[in-house]
Amino acid sequence: MAADPREDDLPSKPPVWNDPRIRALVFQIAIVIAVSAFGYYLFDNTLTNLEKRGITTGFGFLDSQASFGIIQTLVEYSETSTYGRTFIVGLLNTLLVSGLGIVLATLLGFIIGIARLSSNWLIAKLAAAYVEIFRNIPLLLQIFFWYFAVLRALPSPRQSHDLGGVVFLNLRGLYLPRPLFEPGFGFVFAALVAAIAGSILITRWASRRQEATGQQFHTIYTAIGLILGLPLLTFLALGAPLAWELPELRGFNFQGGIPVIPELSALLVALSIYTAAFIAEIVRAGILAVSRGQTEAAHALGLRPGLTLRLVIIPQAMRVIIPPLTSQYLNLTKNSSLATAIGYPDLVSVFAGTTLNQTGQAVEVIAMTMGVYLTISLVISLLMNWYNKRKTLVER
Amino acid sequence: MSKLHIMAAGTALALLAAGTTAQAGATLDSVKQKGHVQCGVSTGIPGFSSADDKGNWTGIDVDVCRAVAAAVLGDANAVKYTPLTAKERLTALQSGEIDMLSRNTTWTATRDTSLGINFTGVNYYDGQGFLVSKNLGVKSALELNGASVCIQSGTTTELNLSDYFRAKKMEFQPVVFDTSDQTIKGFEAGRCDVLTSDQSQLYALRIKLADPNSAMVLPEVISKEPLGPVVRQGDDQWFNVVKWTLFAMVNAEELGITAANVDEMKAGTDPNVKRMLGTEGDIGVGMGLGNDWAYNIVKQVGNYGEMFERNVGKGSPLGIERGLNALWTNGGLQYAPPIR
């Protein structure tokens, strides 16, 4: 006879192996162990096999002398630099083309995306044609097109197009004059910084005043005047402390100045135009996602179409635009590795190409290269997620 | 979804692991078993290894593969080709994807000692040179200060080039392409003043130009480029087979044995010829082959001189002189240890 009859009435506690929570935990632990063991097996297996075949391993090669030339280097580099240095040079070249590409693709993409929604028939159709053409042709072909088409149209260095004897354009690239800063130029920079800071303060003051009193202030003109005027006045007051190093034809090619190699231009144009087609569609989708009522309400309040777009539509559309935009930025960065096809010295061409071949350290070099792309992509994701969080709907 | 990803990634990695664990072991046995030689060649260098519109491979490097197949399997056509870029070639050999690499690869200390591969000999003595457009008016490489130079990535030429310019205190701008086709296209478009590569390749690339006469090869040779077949380290038997296949071709030329007269010579009395063609002694068996190994090579592929003239010499569009690649008896460097 049971001491407490209620105990029998309770549903019996399930055995441990049937408890869903414990079971879920066990499975997760088992999977983590299995994946780690598999990863370790691969790592160990690779090392063992490399050793068995007499292939040198390790990262010591990064300190040996590279002895090969690179056409575009953003930091000091010569043939006597190390393989580690080639990594930095390649990385910076990749960042340069991706960074510029992201800016250009975004600008172009927004313009085309908005143009496609224009009520002007011709503009809308042109934008639609742009999108359909450029996003449907493989990127590699576009890169070849811009490289070889543009290259063939340009003259040889001896018959360069020149712009007032200052800027030169030929097969070997675009040559710009290089500014040489003389002592005292620091003040001009200081004036520029001060002007920018002043403009920000004025903008804040103006918007506070508008919220309080409704009076508007010509912020844009004031800011432009300040940012252009103040450094210019300082510059003239100091007696123009700036000289220019002009490119000049010596031997086969132009020397001096800032050379922009055609590989960079072709890659940048191809990447921007290709990615802009996708961004345009994202922007269009974002704008269409904002209900028509918002536009009507804004118009009813008396806002002009430009203001409606800027103050009402775009801020709401951004919430839809940002997440897919992030993917496009990541795509652009990763696509920049196609540079190797036209000889732009990016990370894949310089480090995973020449350095890999000279040293033969395939596993190490490829691992480092993959690590770099992973890091760049994660950083972009992180920044865009942070921006996205700021833009998400704050419910009150 | 995520489980599916893990499984997909796992499968990919397992394949990778399988690729690296495939033990080199006895390459000779595996070649005999599968019935063909898997040979790594270039993606298309006329005279060395290039495929015609029917997919038939020809060239001096291809003939080395064919000779190995003839020696091992008795059939020079039992070869399967894997076209490789300069960047891929050594990895393909290391990973066991190919049995041998015959792709104008320069024999250097680093490659021979630290990459787990062995060079078996030299089938072409080359040196790096320069191709320039004739209207540039340049007669010597010493006039190239400040020039833009087109070059193929992943080759020893990149190092030689910068060493040469540094030693002569000259400046240059390297424009690095991925394949030799892109390199010559860049040169033709005028992206660079000079194209640099092994001299043999310059002649081969020159005939790819729309107007081959618009460009010329400068006289300077700035490096030693001994090109030869490569095998994986650690399989001495296979190393010997490839090495002696090459030696057999050189010895055949020295002894005057050709594809046309090999049967006649075999019936002759010269003991050197008899040992080589297998009517005397057991040299082939000692290598793990049949005693007719060298007979098959000469009968089906020819001797070294025939191979040279047919692919890159007088009998070809390239028209390269024997030069360094003449027999040692004619003032060249081609010399093979005796077969006895």
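Two residues count as in contact here if their C-beta atoms, placed from the backbone, lie within 7 Å. Keep that cut-off in mind for the meeting of the two chains. The model is a predicted one. By this cut-off, 39 residues of chain A are in contact with 40 residues of chain B.

Which elements of chain A supply at least two residues each to the side that touches chain B? They are helices α2 (20-52), α5 (139-153) and α11 (347-359), together with strand β7 (253-255). By class, this side of chain A has 15 nonpolar, 19 polar and five charged residues.

Now take chain A as a whole. Its secondary structure comes to twelve helices and eight strands. The radius of gyration of chain A is 29 Å, whereas the globule rule gives 21 Å for 396 residues. The value is well over the rule, so chain A is more spread out than a compact globule. Along the principal axes, the C-alpha atoms of chain A fill a box of roughly 110 × 75 × 45 Å. Of the 396 residues in chain A, 28% are buried. Among contacts in chain A with a separation of 6 or more, 66% join residues 24 or more positions apart.

Turn next to a sheet in chain B. Five of its strands form an open sheet, in the order β10-β9-β11-β8-β12, with mixed pairing. Why do β10 (172-177) and β12 (215-217) of chain B each have one side without a neighbour in the sheet? Both stand at the edges, and each has a single partner strand, so one side is left without a neighbour. Neighbouring strands of this sheet are turned by 30° against each other on average, direction ignored.

Inside the order sit β8 and β11 of chain B. Strand β8 (residues 128-133) and strand β11 (residues 194-198) of chain B pair in the antiparallel sense, over five bridges. At one of these positions, B:Phe130 has B:Thr196 in β11(B) as its bridge partner. Helix α8 (residues 199-206) of chain B packs on the sheet. This helix touches β8, β11 and β12 of chain B, and its direction makes about 125° with that of β11(B).

The axes of α9 (residues 236-255) and α14 (residues 304-311) of chain B come within 6 Å and cross at roughly 100°. Angles of 65 to 115 degrees count as roughly perpendicular, so α9(B) is roughly perpendicular to α14(B). From α9(B), the contact uses B:Met249, B:Val250 and B:Glu253. From α14(B) come B:Tyr304, B:Gly305 and B:Met307. By class, the contact has four nonpolar, one polar and one charged residues.

Methods. Residues numbered from 1 in each chain as written. Chains lettered and ligands numbered in written order. Predicted model: local features only at pLDDT ≥ 70, side-chain atom pairs only at ≥ 80, totals over all residues. Pairing = 2+ DSSP bridges. Helix = DSSP H or I, 4+ residues; strand = E, 2+ residues; numbered from the N terminus. Axes fitted to C-alpha atoms, helices over the stretch in contact; angles between N-to-C directions. Rg over C-alpha atoms; globule rule 2.2 N^0.38 Å. Buried ≥ 20, exposed ≤ 12 C-beta atoms within 10 Å, placed from the backbone. Nonpolar A, V, L, I, M, F, W, Y, C, P; charged D, E, K, R; others polar. Parallel < 35°, antiparallel > 145°, perpendicular 65-115°, else oblique.
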